[in-house]
Amino acid sequence: MSPITDFELPSTGNKTFKLSDARGKKLVVYFYPKDDTPGCTVEGSDFRDLYAQFQASNCDIVGISRDDMKSHEKFKTKLSLPFELLSDTDETVCELFGVMKLKNMYGKEVRGVERSTFIFDAEGKLVQEMRGVKSADHAQAVLGTVQSL
């Protein structure tokens, strides 16, 4: 796996997230297509429900999509997410991780975010890539990986 260069994105809670600032803890970075859609709601809720177990494993979580901050704040509040959502409206970080894909939606090809998760160890090294995942039971699989590090 190639190293991911440092990046910075606006975050919910009126903050800025910087990858290099996350060192010292394990980190789950999950990319999802869109706020408040069925699959993304399931995925976010599952990460929320397991959050205490991620924290017990010295692990933080951030979710990234192309939605703007207003949408993220609303989605975070609606689901009571205990972790931050990052806004990548210009797709810079999506491109960095290679998660932009052509998808088939109602018979049309559209460019969108492929649901993917990346796990970093406490030193900031990318140790696991999970691409093209399904939202159901995904958070549990990620937790298992994090607990094995």
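Contact, as the word is used here, means heavy atoms within 4.5 Å. The model is a predicted one, in which local features need pLDDT of at least 70 and side-chain atom pairs count only at pLDDT 80 or more, while totals for chains, interfaces and linings use all residues. Residues are numbered from 1 along each chain as its sequence is written, and side-chain values use heavy atoms, with hydrogens and water left out. Helices (H or I, at least four residues) and strands (E, at least two) are DSSP runs, numbered from the N terminus. Buried means under 20% relative accessible area, exposed over 50% and partly exposed in between, with a 1.4 Å probe and protein chains only.

**Two residues and their contacts**

- Valine 142 lies in helix 5 and, at 0% relative accessibility, counts as buried.
- Not counting residues up to four places away in sequence, valine 142 touches Val28, Phe47, Phe54, Thr117, Ile119 and Met130.
- From valine 142 to isoleucine 119 the C-alpha to C-alpha distance is 8.1 Å, although the two residues are 23 residues apart in sequence.
- Methionine 69, which lies in helix 3, is partly exposed, with a relative accessible area of 21%.
- With residues up to four places away in sequence left out, methionine 69 touches Pro10, Ser11, Thr12, Leu85 and Ser87.
- Methionine 69 and phenylalanine 7 are 62 residues apart along the chain, and their C-alpha atoms are separated by 17 Å.

**Packing of helix 1 and helix 5**

- Helix 1 and helix 5 (residues 138–148) pack with their axes 8 Å apart and at an angle of about 40°, where axes are lines fitted to C-alpha atoms, for helices over the stretch in contact, and angles run from 0 to 180 degrees between N-to-C directions.
- That angle makes helix 1 oblique to helix 5, given that angles under 35 degrees count as roughly parallel, over 145 as roughly antiparallel, 65 to 115 as roughly perpendicular and the rest as oblique.
- Glu43, Asp46 and Phe47 of helix 1 make the contact with His138, Ala139 and Val142 of helix 5.
- The residues of this contact between helix 1 and helix 5 divide into 3 nonpolar, 1 polar and 2 charged; here Ala, Val, Leu, Ile, Met, Phe, Trp, Tyr, Cys and Pro count as nonpolar, Asp, Glu, Lys and Arg as charged, and the others, Gly among them, as polar.

**Aromatic pairs**

- A pair of aromatic rings is described by the distance of the centres and the angle of the planes.
- Rings of Phe, Tyr and Trp (its six-membered ring) pair if their centres lie within 6.5 Å, and planes under 30 degrees apart count as stacked, over 60 as edge-to-face and the rest as tilted.
- By this rule the count comes to 12 aromatic pairs.
- The rings of tyrosine 30 and phenylalanine 47 are stacked, because their centres are 4.6 Å apart and their planes are at 25°.
- Since tyrosine 30 lies in strand 3 (residues 26–31) and phenylalanine 47 in helix 1 (residues 38–49), this pair ties together parts that are 17 residues apart in sequence, and both tyrosine 30 and phenylalanine 47 are buried.
- Phenylalanine 31 and phenylalanine 118 form an edge-to-face pair, with 5.8 Å from centre to centre and 90° between the planes.
- Phenylalanine 31 lies in strand 3 and phenylalanine 118 in strand 8 (residues 116–120), so the pair ties together parts that are 87 residues apart in sequence.
- Phenylalanine 31 is buried, with a relative accessible area of 0%, and phenylalanine 118 likewise counts as buried at 0% relative accessibility.
- One aromatic cluster is formed by Tyr30, Tyr32, Phe47, Tyr51, Phe54, Phe75 and Phe83.

**Positive phi values**

- Most residues other than glycine have a negative phi.
- Serine 80, although it is not a glycine, has a positive phi of about 55°; serine 80 is found in the loop between helix 3 (69–79) and strand 5 (84–87) and counts as exposed at 52% relative accessibility.
- Glutamate 91 is not a glycine either, yet has a positive phi of about 65°; glutamate 91 has its place in the loop between strand 5 and helix 4 (92–97) and is buried, with a relative accessible area of 15%.

**Cysteines**

- With a disulfide taken as a pair of cysteine sulfur atoms within 2.5 Å, the count comes to 0 disulfides.
- Cysteine 59 is in no disulfide, and the nearest cysteine sulfur, that of cysteine 40, is 20 Å away; at 0% relative accessibility, cysteine 59 counts as buried.
- Cysteine 94 is in no disulfide, and its nearest cysteine sulfur, that of cysteine 40, is 12 Å away; cysteine 94 counts as buried at 0% relative accessibility.
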